[in-house]
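Thanks, everyone. I'll keep this short and go from definitions to details. Please have the model open while I talk.

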Amino acid sequence: MEVSVIRSSSQAKISKTELGCRDLRFCFGKSNDKNKIFSRKPNSVCFDSQISRFRKAGLRFTLKAVQSDPILESKSPATSKSLDRLRLFVGLPLDAVSDGNSVNHARAIGAGLKALKLLGVEGVELPVWWGVVENEMGKYDWSGYLAVAEMVQKAGLKLHVSLCFHASSQPRIPLPKWVTKIGESQSSIFFADRSGQHYQQCLSLAVDDLAVLDGKTPVQVYQGFCESFKSTFSPFMGSTITGISMGLGPDGELRYPSHHKPAKSGTITGVGEFQCYDTNMLNLLKQYAEANGNPLWGLGGPHDAPTYDQAPNSNSFFKDHGGSWESPYGDFFLSWYSSELVSHGNRLLSLVSSIFGDTEVNVYGKVPLMHSWYKTRAHPSELTAGFYNTASRNGYEAVAEMFARNSCKIILPGMDLSDEHQPHDALSSPESLLAQIRTTCNKHRVEVAGQNLASGAPGGLEQIKKNMLGENPIDLFTYQRMGAHFFSPEHFPSFTEFVRSLSQPELHPDDLPSDEAEATESVQTSSDPNIHLQTA
Amino acid sequence: MAAVTIDSLLQNPTLVFRPKAKVLLKPPRSLDCSRNRKLPLSRGSCLCSFNPRRTIHVVRASSSETALIGNFDISSSDDILYKDIFPVKRIEKVEGKFFIRLDRSKDQHDWQLTVGCSLPGKWILHWGVSYLGDSGSEWDQPPKGMRPPGSIPIKDYAIETPLKKLSEGDIFHEVKIDFNPISEIAAIHFVLKDEETGAWYQHRGMDFKVPLVDYLEDDGNIVGAKRGFGVWSGALQQFSNVLLKSEASHADSQNNSIESKDSKNKNRCLEGFYEEQSIVKEVSVGNLVSVAVRKSPETGKVIVCLETDIPGDVVVHWGVCRDDAKIWEIPAAPYPPETTVFKNKALRTLLQPKATGNRSGALFTLDEEHFGFLFVLKLDDNTWLKFKENDFYVPLLGTSSVPGLYGQSDSTSEEISSKSYTDGIINEIRNLVSGLSSEKSQKTKKKEVQESILQEIEQLAAEAYSIFRSSITTVPDEVVSETETTKPAVKISSGTGTGFEILCQGFNWESHKSGRWYMELKEKASEISSLGFTVIWLPPPTESVSPEGYMPKDLYNLNSRYGTIDELKELVKSLHEVGMKVLGDVVLNHRCAHFKNQNGVWNIFGGRLNWNDRAVVADDPHFQGRGNKSSGDNFHAAPNIDHSQEFVRKDLKEWLGWLREEIGYDGWRLDFVRGFWGGYVKDYLEASGPYFAVGEYWDSLSYTYGEMDHNQDSHRQRIVDWINATNGTAGAFDVTTKGILHSALERCEYWRLSDQKGKPPGVVGWWPSRAVTFIENHDTGSTQGHWRFPGGKEMQGYAYILTHPGTPAVFYDHIFSHHRSEIASLISVRNRNGIHCRSLVKIVKAERDVYAAIIDEKVAMKIGPGYYEPPSGSQRWSLALEGRDYKVWETS
């Protein structure tokens, strides 16, 4: 790298104050091409040491004083690598392919893909539904999804596939008919709550290894599905398809359907209910209790837990002080309840990671962000969902460890939520919970990808940006979700703005020259989130 | 003014000709001249009038990053503190010649007409012929054999042939037209056009006419008679940057050449002639201003050395400043020679010619403590040269400021610039100016690419949105029923549509330029619809004497500058497909004639509606109509139609019916309805049964001592009277509201927005359902700017009209501007809350600096810099959107 310093007798004077790069160029004419560096202190110009010093300091330099765009690219491979680490995906509509394997609003999706590509989005996420593909047991119809994958490939985008073994109510995408039919005669394949109500949107984790599906276990059925997917989409694997999320439960998330009754609008989310009352779960509990020498504890779930939409204090189980959750019984029950969830996760993730282990795709699983009541000691929402995480116990250790064991990555939703927008009475703290999970994952070297809960949450985009670019940046983020609202004039411009700001960190107004063209050019090479353009 | 030859110009790489610039060169027009745009515009079928032309220099300057320093040696000393070269652009007049020659070709049988021009440019001869027996001033296509190679037919009446240099060394670009004198051709007509600038050279406002037979009527435009040349600009109506110098004396000697005295006996005895005229064109010229700052080693003083190659007297208007605020101050003496003090704020120094070259310069010796040196250049009384709208700035202390990178120009320069209107022009030109150096222009290109990508993204998103949106409404049944209950029963009437209409004006004053507006708009259809517009107003579709369409001629000929009739149908169809209603702009007040009557007055119509002078009102002496007196105001540029005539009304009703049927228009925007009684409009509307109709009733607001009256009741009364006369079958543009918004926003007098009864002061306060509120249209804004909405406050205007009752109309230029997303958000607030044309508005604040209102108890809004928050009572308000000096809330 050529370094030259141009000095003139008057330079010392000029350099006293900070000079705009334009001024510099005025002083030295055009002779300072881009490979030359000017330091503010003319006597200490030493390129290499200077730059390395910059790097140690987190690469802080002022745009004004140093004109070093090409250096960034050529000299620091780390920079360019981290550049493409920041990947943004956008979710396709949940019903992109629905009943009968037809692609819905293909034209809109086509236009949308083009728009996203132009925006510089990395790829799209495609939910692939069990209920759409496997209409007859063991017979898979992938035609609709193949068509979408081709569209995505043509658009030059990447594809992240979410394998959905659950059902959706809005838009309505049910489980495969043959599964529903089995469920009608054999309701114990579904989760049940204390009142015996069944949750029919996904299978109970207790039947994973029971041959309840016409002689096959659900895990075997999932396996068949995944293998068929793999062979059908093999031309796309690793090139267009870069990631796969394994559906792990309700809404694809690793959890119990503890909150499936949606809170009435305007009211605060309740604590949810334990879902351990279907025959198979009760059997497991009974075995566990007997093995632990407390057979009486295996007869049912906690008797003093509140119901779905009640607050923690409305019964004694989750009370902050002296709640049963802190009793030996509480510990017994919660340990069992959460370990069943982790084992279930382990069963499915080891399955997919063995199936897709020989491809270049990354395998993900989604962990929910049960943030309400996080500020209480018991964290009841997390407990009912199956995460034994309280003020005194980090329940995500086991989860992260399980993901690490299967070399899977975690998708965390709710990156758009900020504490200040939560209802005060909910004692909720999405930010703290997110931080806790992420720290735990870091510890176990599990990579975390982000997702938002809903588009249009107040301050959502800002919060996402904070999470993506903050101290501990996220390498992949999936923005949910394409549809009418996504492209509406109320939303799309702000999304565009968001995407552009991700690749171009904000500059202090001072650093924006009058011709913005120049600004954009200088900035493009600095879009590495690690580099903070210092606003001098 | 020095003549500049073309060659040297072209060698200058910085000379980029921007035809758009001419747009900026319009002379100021008086505001009350509201119908200006309808001045007749071509080919002599109507009256013409000229605005006196002023000579303006247009100057632009920008900083350069190129390595010009080396070429421009200012000072040989090496203690330079600062050095820069600013390229500047001036407009210079270039003089040249233009000739017409008629002579016999070599074989002595055929004749040849030669037209040549010595000025640089891309000259095009726009020409046609008239045949023996033709009447009127219509052109026809010349026979094929007459067309020189390279000719392009323009519609069915003209040919365009480029002028070429016969050889490289030639001064003249010329074109030769061979013809046979035995043919039926009576005359050759032409005008000259400069493609580069879009300027038209005409002959006394009409075409040049070379008669080939001797008995043609003299319309006054025969070449060879009393010579006086006029110029029409290509932008028609806009001041052109081309001047044709009238040189009567010069032409005198050739006067007789064409009308040969002995050719009276119809024997087609042609005589050759040669005529030459001076022609002047304005060309932009690049110059350089170089500045160097050095320090005198002896005195310790700072010496600013300024030099330029601008020819002629150049005065530097200068001062110094102490800090970044750049307040002009006068430094202590000594000053350079030829320096005067200007109003105690600045100094003026005449640059002294340098010994070498054509340069002039000056040395300014200043004390060390000054922070910066500020200057502008003055070339003559009207010509100021600034740096990107701002003063030139030279840092003396080597500060961090970047030239041109500071906010407001200081008071001094503002005061100066108000003296001429150069400032405004520079201001506009600034937008067109991109960098001059190649590096910079590359970046600019990059930016342009980026911008076009963004635009494409927006379009794609709009398309996706419209599809997603339409597919959603079919899914959830509950939502539909919910909206049904909140909406009052929809009753469609032509005055209001459904009452929930939001209008988009789908064109501006420039839309005719491309010749394919219909097709361009078609591509935007889904985008416009997705923004929430329900009705779109298309430009006037008929054949018209003026390209914008407001001088209709044959009403049944719908091929216009906007496109063909088929393209129009296609456009209407696509607009219907995306769910919009389409308004046709119909000009019923006046119509341009095809023929002259026996007195030579243009008042006989042709085409399918071949009316005679009985169709023309009697009270405009210009057109000698034999109809009744006008039932309204007269529009003086064309024959006003007498709507009291039964046959006229019958024909017009039939025509409107045909437009509905044939084109698929859903309704009308009625042009200049001041010109005739509203009762006739009622008649037309009842006959054509539109879905929506709105009339343009535009007259002046009342002013006392130059200040607008608070009470504009008489103004809105006149509009309401007209609506009343139509029996409420049509709405009217709420000109009153626009006028009051102007005063309120411009002068920070928001109290104006409430009338004595605490209601909105415009038409919308009296008859909201018939008020079509707007803040700008093709006349008031666009490139005409007859009555432009206060700049930078457009969004306040839209925050007002899009939250208030009445039917809001949004101007095309605003939709496709940076206002777009804010406008879209306002529209969605309006739609979300079901605000309609009869919504109730409660004004809660109308004070000096803030106006606030609550509409239908669902939406609260405020405009103005002052404070307002909606009450925190039983309703919970949440901020829906905010922008510069406005906020809108809705109930949550």
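One definition before anything else. The expected span of a helix is 1.5 Å times one less than its number of residues. This is a predicted model, so let's apply that rule to what the predictor built.

Start with helix 8 of chain B, residues 565–577. It has 13 residues, so it should span 18 Å. Its end C-alpha atoms are 18 Å apart, which agrees.

Which residues of helix 8 of chain B are buried? They are B:Ile565, B:Leu568, B:Leu571, B:Val572, B:Ser574 and B:Leu575.

Helix 12 of chain A has 29 residues. From first C-alpha to last, helix 12 reaches 41 Å, close to the 42 Å expected. Of those 29 residues, 21 are buried, so helix 12 of chain A is largely enclosed by the rest of the structure.

In soluble globular proteins, nonpolar side chains tend to be buried together. Here, the largest nonpolar core has 141 residues. A:Trp130, A:Phe403 and A:Phe495 have the most contacts inside it. Helix 12 of chain A, residues 328–356, gives the most to this core: 14 residues.

Take A:Phe403 by itself. Leaving out residues up to four places away in sequence, A:Phe403 touches A:Leu248, A:Leu254, A:Leu349, A:Gly365, A:Val367, A:Cys408, A:Lys409, A:Ile410 and A:Val446.

Chain A as a whole, quickly. It has 19 helices and 12 strands. Of its 536 residues, 57% are buried. Take contacts in chain A between residues at least 6 apart in sequence: 75% join residues at least 24 apart. The accessible surface of chain A is about 21600 Å², and carbon and sulfur atoms account for 50% of it.

Back to chain B, for two local features. Strand 39 (residues 877–883) and strand 40 (residues 886–891) of chain B run antiparallel, joined by 6 bridges. B:Ser878 stands opposite B:Glu890 in strand 40 of chain B. This hairpin has 2 residues between the strands, and B:Asp885 takes a positive phi near 60 degrees.

Is B:Thr780 buried or exposed? Its relative accessibility is 1%, so B:Thr780 counts as buried; the cut-off is under 20%. Beyond four places in sequence, B:Thr780 touches B:Trp698, B:Lys738, B:Ile775, B:Gly785, B:His786, B:Trp787 and B:Arg788.

Last, confidence. Chain B has a mean pLDDT of 73, and 73% of its residues reach 70 or more. Where does pLDDT stay under 50 in chain B? One stretch is residues 224–268, for which the model has 144 contacts beyond four places in sequence. Residues 399–440 of chain B are also below 50, and that stretch has 103 contacts in the model beyond near neighbours in sequence. For the complex, the predictor gives an ipTM of 0.73 and a pTM of 0.42.

How values were computed
Residues are numbered from 1 along each chain as its sequence is written. Chains are lettered from A and ligands numbered from 1 in the order in which they are written. This is a predicted model: local features need pLDDT of at least 70, side-chain atom pairs count only at pLDDT 80 or more; totals for chains, interfaces and linings use all residues. Side-chain values use heavy atoms; hydrogens and water are left out. A nonpolar core is a set of buried Ala, Val, Leu, Ile, Met, Phe, Trp, Tyr and Cys residues joined through side-chain atoms within 4.5 Å. Buried means under 20% relative accessible area, exposed over 50%, partly exposed in between (1.4 Å probe, protein chains only). Helices (H or I, at least four residues) and strands (E, at least two) are DSSP runs, numbered from the N terminus. Contact means heavy atoms within 4.5 Å. pLDDT is the predictor's confidence in each residue, from 0 to 100. Two strands pair if DSSP finds at least two bridges between them. Accessible areas come from the Shrake-Rupley method with a 1.4 Å probe; for residues, only the protein chains shown count as cover.
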